[in-house]
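Colleague: I am new to reading models of proteins. Could we go through one together, feature by feature?

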Amino acid sequence: MVHPSTLNDVLPEDRVFPANRPSYVLRSGDETLLAYGVARELPGGAIADLAGRVRRHFEENPAGPDILVGAIPYAREASTHLLHPEKVLRVMGRHEFAAPAGHIETHAHGMQVTADPSPDAFSAAVARGLARLCEAPDSLRKIVLSRSLRITVGNDIAVPALIARLAADDAVVTFATPLPPRDGTPRFLVGATPELLVERRGSRVFSHPLAGSARRRPDPAGDREAADTLLRSEKDRREHALVVEQIMDVLSPLCTELAAPEGVTLKATRSMWHLGTRIKGVLKDIGTSSIELAALLHPTPAVCGMPRREADAVIRDLEGYDRGFYAGAVGWCDSSGDGRWYVSIRCAEIEGRHARLYAGAGIVPGSTPEGELAETAHKFSAMLEAFGLSAAQIGEA
Ligand SMILES: C=C(O[C@H]1C=CC=C(C(=O)O)[C@@H]1O)C(=O)O
């Protein structure tokens, strides 16, 4: 039997991870992308003109790696954060990360956890959201509401340790990307997302939207039953169908072929089951870049709702905080227009000793405040485990 080598075994010595911390990591099933240093920051601005800024950047800066990496925030008007790295390594295939460097001090006296909003306030927001959905079912079909956990630990959080732990789940895409520093303190968005927003490879385009969730069970029979129940759930299928509808509507005028041949299937992470649909298409115009596609699709009803404008207004009213880079996108693009963008969920903003974790849930008629509260608690579990915490330990089970 061939054991998978660790990433450090296949990297040149001066590029070893995590001792020599890369600025950016994106590890998916088929490759790991590591970016080091910052040659240039792409000028900030809203997602609507990101494609133009990217095109100009590549025209004006032909030297260096042919790639920009970074993050797109949830709010379409907020500034994107993309970087042109000094060096890039693309390691093909599936590799483990070596044992995590650094530890995270989560022993009782060094640690604080605060739910923001509180579980009760989140449940009340879901109840208000449901009332809005029922008042105007024709003009509002779905909203996605989120909540956050603020965690402070005893020492500066070691991003490589988090990444190595998150990467233990092969079903997700592990990422760490720098965010604009706050008061001189570096910030990162770190997470393990199961959801592909859009990928462009030449003329081919792919998306794998997820919506509709159930938590995994420890016993195989119970786990299978949870999956089967999710697959049969009319409420979850409706919640899911709206995401697929929006993505197909956006992509179809741009494609000569567009299909979801497998229909709705199950996607499993270590902690969650999801309903997912793989969408594949062929672009009419090879000039349509991955950024243009992301800018048209974002935010999908997997993180916002339907219709987008109305759902977004309700989210801003009921959530009461700025989502920042949560529920945005993280990925890369190159000068040919190729790129891959994942939905930035199951993630945390990391700043020194502080982390802010986010989890959201889609709400449609038939959802319940208790159900959505429990679902968001389960969605926190992968990130919490990366911190060495269990949901039960912090009252989230
Ligand atoms: C918005 C999140 O998840 C989305 C992706 C998959 C399933 C979802 C759901 O069932 O609600 C959400 O739409 C999140 O994890 O914060």
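Modeller: Keep in mind that this is a predicted model. We can start with burial: a residue is called buried if 20 or more other C-beta atoms lie within 10 Å of its own. Alanine 327 has 24 C-beta neighbours inside 10 Å, so it counts as buried.

Colleague: Where does alanine 327 lie?

Modeller: Alanine 327 is in the loop between helix 8 and strand 19 (329–333). Its phi is near 65 degrees, a positive value in a residue other than glycine.

Colleague: Which place does arginine 346 have, and why does it count as buried?

Modeller: Arginine 346 sits in the loop between strand 20 (339–343) and strand 21 (347–351). It counts as buried because it has 29 C-beta neighbours inside 10 Å. Its phi, near 50 degrees, is again positive in a residue other than glycine.

Colleague: What is the peptide bond from histidine 298 to proline 299 like?

Modeller: For a peptide bond, read omega. The bond from histidine 298 to proline 299 has omega near -5 degrees and is cis; proline 299 belongs to the loop between helix 7 (290–297) and strand 18 (305–306). The bond from methionine 306 to proline 307 is cis too, with omega near -10 degrees, and proline 307 is in the loop between strand 18 and helix 8 (308–319).

Colleague: How should I read a helix?

Modeller: An α-helix has 3.6 residues a turn, so residues three or four places apart point the same way. Helix 9 (residues 369–386) has 18 residues and should span 26 Å at 1.5 Å a residue; its end C-alpha atoms are 27 Å apart, which agrees.

Colleague: Where is the kink in helix 9 centred, and which residues of this helix are buried?

Modeller: The kink, of about 35 degrees, is centred on phenylalanine 380. Phe380 is itself buried, and other buried residues of helix 9 include Pro369, Glu372, Thr376 and Leu384. After the helix comes glycine 388, with a positive phi near 80 degrees.

Colleague: How many residues surround the ligand?

Modeller: There are 17, and the closest are Leu210, Ser213, Ile345, Gly360 and Gly362. By class, the shell has eight nonpolar, six polar and three charged residues. Strand 8 (142–152), strand 13 (210–215) and strand 22 (354–363) each supply at least two residues of it.

Colleague: And the whole chain?

Modeller: The protein chain has nine helices and 22 strands. Of its 397 residues, 46% count as buried. A compact globule with 397 residues would have a radius of gyration near 21 Å, and the chain has 20 Å, which agrees.

Definitions and conventions. Residues numbered from 1 in each chain as written. Predicted model: local features only at pLDDT ≥ 70, side-chain atom pairs only at ≥ 80, totals over all residues. Helix = DSSP H or I, 4+ residues; strand = E, 2+ residues; numbered from the N terminus. Expected span 1.5 Å × (residues − 1). Bend = angle between axes of the 7 residues up to and from the residue. Buried ≥ 20, exposed ≤ 12 C-beta atoms within 10 Å, placed from the backbone. Near = placed C-beta within 6 Å. Nonpolar A, V, L, I, M, F, W, Y, C, P; charged D, E, K, R; others polar. Rg over C-alpha atoms; globule rule 2.2 N^0.38 Å.
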